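Student: I'd like to learn how to read a structure like this one. Can we go through it together?

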Amino acid sequence: MHRIFLNSIVLLVGLFAATASFADSSTAHDGVAPSAGNAAAAAAVEKKGFIADYDNIFIVKGGPEAKPTTEIKPLEWNWVDKLFYNPMGWINSFTDQLGPEVEQPIEFPHDRHAGDPGKVNPDGKTGDGINCMYCHTFARRSLTAGIPPLRKCIGCHQNIPSVRDTPRIVKLFEYWDAGKPIPWKKVHDLPDYVRFNHERHIQRFVFKQERPYKEVCGYCHGDVASMTVARRQRTLSMGFCVNCHKKNHSLDSTYTKAGHGPNDCFMCHK
Amino acid sequence: MSIANLLQNWSRYRDTHPYGGAKPHMGYKWAMAIDMDICTGCNACSVACYAENNLAVVGKEKFLNGKSMHWLRIERYWHDTPEPTDPLQLTAYTASGAGKHFPDQGAHFLPIMCQHCEAAPCETVCPVGATNHTQDGINSQIYNRCVGSRYCLVNCPYKVRYFNWYNYQDPATENVWPEPLNQQLNPDVTVRSKGVMEKCTFCVQRLRAVMVDARTEERLVREGEVQTACQQACMAGAISFGNMLNPDSRVGKQWIEQGVNIALDVQSKNEHVGDNTPKRGYRILENLRPYPSVMYLEQVRESSV
């Protein structure tokens with residue numbers, strides 16, 4: 001018994017010495033940590049203080065000017081992983097991942113308004129190619145994209161007599177004459193503890209990077225221009241957001257700043 | 001010595017520690033300074049915090065049971081009055097209670113909120129990572145991640161974390177905001193449910209709003225662009241808040257002026273080094289080395305002048 005005890009002590013001491021020597025060599029190798037000789041100098045560097053380092057704050061590693069050192073790949077799940085670690089995701093992979101069908105007071109034809117003018121919709125008419133942000137006007141300057149007020153609908157439709165007698169427009173003018181807003185229902189409803197900002201995404205991708213607005217809106221909303229009533233196309237879960245935020249969206253090849261979105265809990269959670 | 005080396009460099013392996021600028025704050029380090037000489041203890045900051053952050057008013061009974069929810073509390077300390085050395089006078093002193101009540105005895109007040117420590121003790125113990133340090137130097141609390149182990153509350157030396165023992169928004173049990181009053185809730189802040197920990201966030205909803213604007217205009221947040229609710233409500237102007245890395249910021253100037261270094265645990269006020277101008281800046285419980293982000297400027301008493 002004593003022998004085993006002694007042996008274990010010897011083993012522990014050996015391990016201890018090994019780790020200690022490893023720590024020595026590693027610290028000497030990376031050249032940042034002090035050896036015994038320049039410990040005082042390092043202490044002086046440490047004592048130099050933090051709030052005085054305004055000038056160095058942007059050039060040290062990880063600052064805004066830094067390029068991403070490693071490319072972070074999005075998680076790739078195979079079906080086994082999905083089955084055991086993410087069963088709901090595995091089940092969802094067999095579905096179309098569309099959200100619930102929301103019954104709106106007026107069946108608003110997104111394809112008729114925002115669809116491609118050259119493309120014929122299922123109802124036999126072509127789209128008008130109106131920009132998403134003509135109606136959802138707050139998307140570029142606010143947290144929410146915004147539902148247009150009724151007067152915005154009327155502003156155009158009072159000048160379009162050709163469709164004035166169709167059932168949906170008649171219903172629209174009923175609301176207008178009654179002086180009541182249309183009770184649209186929310187399709188893309190995020191939880192209350194999430195702060196999603198439309199402005200940053202639109203400013204970044206549409207105005208700064210000049211990507212087509214339909215593509216940018218479609219990252220989260222899908223191809224709304226081919227739908228009538230909008231339906232949720234993406235899961236809009238946290239994994240969906242983070243997968244995109246981990247990717248590097250540099251503005252162009254000469255852009256030196258790291259291009260990924262914030263990966264900080266407090267940026268989105270409130 | 002290698003072990004000494006490891007211990008000396010331990011700070012390098014802590015994500016939260018600001019030593020030497022190795023872990024920069026991406027252009028932002030939100031910090032606060034509270035001037036105790038100006039503070040009158042009026043509790044306006046505490047009330048403003050209740051209004052801004054959807055805090056539940058729990059009532060007297062729960063308050064006495066320690067279930068209070070005030071993110072910013074005012075601690076009151078009576079000034080010491082010298083006791084008479086003469087035993088005859090001492091008995092008269094204790095019998096009359098003189099010097100123990102308000103008009104005879106001065107007090108000073110200490111507003112305490114989450115200190116947003118750089119090496120926060122609460123962050124290291126969270127079993128699910130619900131509380132962690134953001135890149136701009138805020139100690140975050142993610143409510144939907146929190147499982148309510150209350151370990152962070154135990155480890156917080158300032159006791160500024162508050163636990164939701166009840167579902168305060170439930171009309172059936174704790175009806176804190178009955179029907180018309182729920183209109184006062186701030187939509188930018190979650191109404192916390194039962195079983196999660198909560199604490200001061202430096203009004204992160206206001207910070208994020210201005211940071212988004214600044215990001216769109218490709219600049220950093222300017223001084224005076226954002227105020228916390230307590231700072232806004234303080235009519236004496238005792239609280240200053242801002243980006244410490246901004247050379248124009250009032251809070252950064254105060255930290256430099258008082259010689260308070262965020263990376264040290266003994267400040268020049270205690271060391272009496274350098275120029276002999278009296279310094280007032282200190283941080284609470286610095287010897288525990290949590291490196292808090294809130295600096296207090298001590299009260300100048302008449303006796304010391």
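Predicted model: local features only at pLDDT ≥ 70, side-chain atom pairs only at ≥ 80, totals over all residues.

Tutor: Residues are numbered from 1 along each chain as its sequence is written, chains are lettered from A and ligands numbered from 1 in the order in which they are written, and side-chain values use heavy atoms, leaving out hydrogens and water.

Student: Which residues is B:Thr201 in contact with?

Tutor: Contact means heavy atoms within 4.5 Å. Leaving aside neighbours within four places in sequence, B:Thr201 touches A:Phe266, B:Trp71, B:His116, B:Ile138 and B:Tyr143.

Student: What is the strand order in the open sheet of chain B?

Tutor: Strands of a sheet pair through backbone hydrogen bonds, either parallel or antiparallel. Strands (E, at least two residues) and helices (H or I, at least four) are DSSP runs, numbered from the N terminus, and two strands pair if DSSP finds at least two bridges between them. Here the four strands go E8-E1-E10-E9 in chain B, with mixed pairing. E8 (239-243) and E9 (281-282) of chain B are at the edges, each with a single partner strand, so one side of each has no neighbour in the sheet.

Student: How many bridges join E1 to E8 in chain B?

Tutor: Five, and the two strands run antiparallel. In one of them, B:Trp30 has B:Asn243 as its bridge partner.
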